[in-house]
Amino acid sequence: MGKWMQSPTGKVLGIGLLALLMLIPLMQVRWLVQERQGMRETAIAQIAQGWGGRQVIGGLVLAVPTRELIAADEKEKPRVRLASETVLADEVQVSAAMHVQMRRYGIYGAPVFTSTVQLSGRFLPEDLAGYQRSSSAEWLADKAELRLLLSDLRGLQEVTALKINGRPARFVSSTDRIGDLASVAVPIDLKALGGESITFEVSLKVAGTESLQVLPLARATSVEISAPWSDPSFIGAALPGERKLDADGFSAHWRMLDLNRSYGQHWVNGDRRIEALLGASAFGVQLYQPVDVYQRNERAGKYGLLFIAMTFVAFFLFEVLKRLRVHPVQYLLVGAALATFYVVLLALSEQIGFGPAYALAAAAVVLIVGGYAAAVLHARRAGLLLGGVLALVYALLYGLIAAEQYALLMGAGVLLITVALLMYLTRRIDWYGWSAATEPPRGEAATMERS
């Protein structure tokens with residue numbers, strides 16, 4: 001059995017088994033990254049609680065209470081059912097200028113913003129008259145409201161101006177909600193309008209965390225969002241038709257029609273299907289942080305087994321080409337050092353950033369493994385060479401982590417080159433004769449046992 005373990009086949013299988021064994025600490029590191037990422041999400045929630053969460057804005061909608069007599073049998077009196085109907089505007093324009101800063105909670109940070117939002121639009125009188133005639137209930141037109149929908153009212157910092165049909169007005173707080181959206185309202189008497197259209201102009205300041213989205217609550221919705229943030233992620237049901245990106249920030253423009261969404265211009269409140277469709281129609285921008293600390297640590301961990309195996313292969317090549325003997329325990333210690341790299345990287349990157357943390361963790365592991373290799377292989381040159389190879393491996397790993405779009409292509413290229421190099425270096429090795437060549441003579445083995 002011992003002789004078989006010293007054979008090329010046994011050695012290769014043993015090294016492969018040790019490499020697979022290193023999956024255990026690598027999985028522990030991955031769970032640790034996920035745990036720390038969860039702590040970051042908790043910190044972001046704490047920031048949002050005091051500042052305002054991810055914001056979704058809906059332009060003003062018209063809410064009209066209704067009353068309907070429900071027929072009953074001869075023994076029961078007719079019942080009155082009170083409800084509310086929502087009517088959307090014909091046209092809405094939204095302009096949002098975001099001012100971004102980083103807020104921290106302990107060691108964690110998140111981008112927050114205050115946004116100056118301009119809303120304007122109109123309701124057509126023929127729409128109101130048509131929906132009123134088609135309704136099976138009586139409209140209480142003198143008790144109607146214009147409601148501004150917002151996902152997180154904690155972020156509504158200021159309403160600087162509100163005009164209805166050119167006249168100043170004021171919002172009042174409201175407990176009414178449409179789906180997950182809260183609202184503030186301004187009363188409006190539809191009877192007093194005398195068949196005129198309803199126009200509105202609103203200026204407000206909204207605070208939020210990480211993302212700002214808009215609901216297309218009109219027959220035609222035009223939205224323009226700008227911010228001094230160079231890495232926006234456009235999210236939601238629609239991408240901007242026009243956008244401009246540069247180092248100073250971005251600006252984007254959307255135009256959505258009622259034909260582009262899955263609900264109409266009028267519905268009875270309380271319809272769960274409509275409320276679900278509302279949330280799915282939102283679109284806007286997320287203040288994306290490209291390849292943040294935890295994304296980079298997770299990506300580094302995905303290549304962990306590959307690079308541990310590559311280091312083991314480098315040791316094995318020295319063992320074969322230099323006719324040396326390396327014990328499995330020594331392979332295991334080298335693997336432990338390589339796995340420790342990911343823990344050190346995670347701990348340091350939370351404090352000093354990913355780039356400096358990567359350089360320090362990689363330098364420490366290269367020195368440890370290179371020095372250990374020089375002692376194990378009894379050759380300083382071999383230790384320096386292995387240290388250099390390991391440094392090159394970490395440089396390649398950093399390139400894979402930094403290259404978001406081309407990581408797979410680079411990884412495939414590195415793997416192909418590694419296999420080709422391995423085949424080239426071992427092309428002249430007599431694998432059948434290697435075991436006998438590396439086995440010490442019997443006398444020498446006896447001397448080693450007595451010593």
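Buried means under 20% relative accessible area, exposed means over 50%, and partly exposed lies in between, with a 1.4 Å probe and protein chains only. The model is predicted: local features need pLDDT of at least 70, side-chain atom pairs count only at pLDDT 80 or more, and totals for chains, interfaces and linings use all residues. Residues are numbered from 1 along each chain as its sequence is written, and side-chain values use heavy atoms, with hydrogens and water left out.

**View 1. Asn-165 and Glu-210 are non-glycine residues with positive phi.** Most residues other than glycine have a negative phi. Asn-165 has a phi of about 55° and lies in the loop between strand S7 (156–164) and S8. Asn-165 counts as buried because its relative accessibility is 18%. For Glu-210, phi is near 75°. Glu-210 sits in the loop between strand S11 (198–209) and strand S12 (211–215), and at 6% relative accessibility Glu-210 also counts as buried. Helices (H or I, at least four residues) and strands (E, at least two) are DSSP runs, numbered from the N terminus.

**View 2. Eight strands form an open sheet with mixed pairing.** The order is S8-S7-S11-S4-S3-S13-S16-S15. At the edges are strand S8 (167–168) and strand S15 (242–246), each of which pairs on one side only. Two strands pair if DSSP finds at least two bridges between them. S15 and strand S16 (residues 249–257) are antiparallel and share five bridges. Arg-243 stands opposite Ala-252 in S16.

**View 3. Tyr-263 and Trp-267 form an edge-to-face aromatic pair.** A search of the whole structure finds 12 aromatic pairs; in this one the rings are 5.9 Å apart centre to centre, with 90° between the planes. Rings of Phe, Tyr and Trp (its six-membered ring) pair if their centres lie within 6.5 Å; planes under 30 degrees apart count as stacked, over 60 as edge-to-face and the rest as tilted. Tyr-263 is buried because its relative accessible area is 5%, and Trp-267 is buried at 8% relative accessibility.

**View 4. Phe-354 and Tyr-398 form a stacked aromatic pair.** The centres are 6.2 Å apart and the planes are at 20°. This pair links distant parts of the chain: Phe-354 is in helix H10 (residues 354–376) and Tyr-398 is in helix H11 (residues 380–402), 44 residues apart. At 5% relative accessibility Phe-354 counts as buried, whereas Tyr-398, at 30%, is partly exposed. Phe-354 and Tyr-398 belong to one aromatic cluster that also holds Phe-341, Tyr-342, Tyr-358 and Tyr-394.

**View 5. Leu-20, Leu-23, Met-27 and Trp-31 form a nonpolar patch on the surface.** Together these residues have about 370 Å² of accessible area, a value from the Shrake-Rupley method with a 1.4 Å probe, in which only the protein chains shown count as cover for residues. Patches are made of residues with over 30% relative accessible area and no salt bridge; like charges are joined within 9 Å and nonpolar side chains (Val, Leu, Ile, Met, Phe, Trp, Tyr) within 5 Å. A salt bridge is a side-chain nitrogen of Lys or Arg within 4 Å of a carboxyl oxygen of Asp or Glu. Helix H3 (residues 23–51) gives the most to the patch, with three residues. Leu-23 is in helix H3 and, at 34% relative accessibility, counts as partly exposed.

**View 6. Helix H7 (residues 293–302) has the buried residues Tyr-294, Asn-297 and Ala-300.** Seen down the axis of H7, these buried residues fall within an arc of 120°, so they line one face of the helix. The arc is that of the directions from the helix axis to the C-beta atoms.
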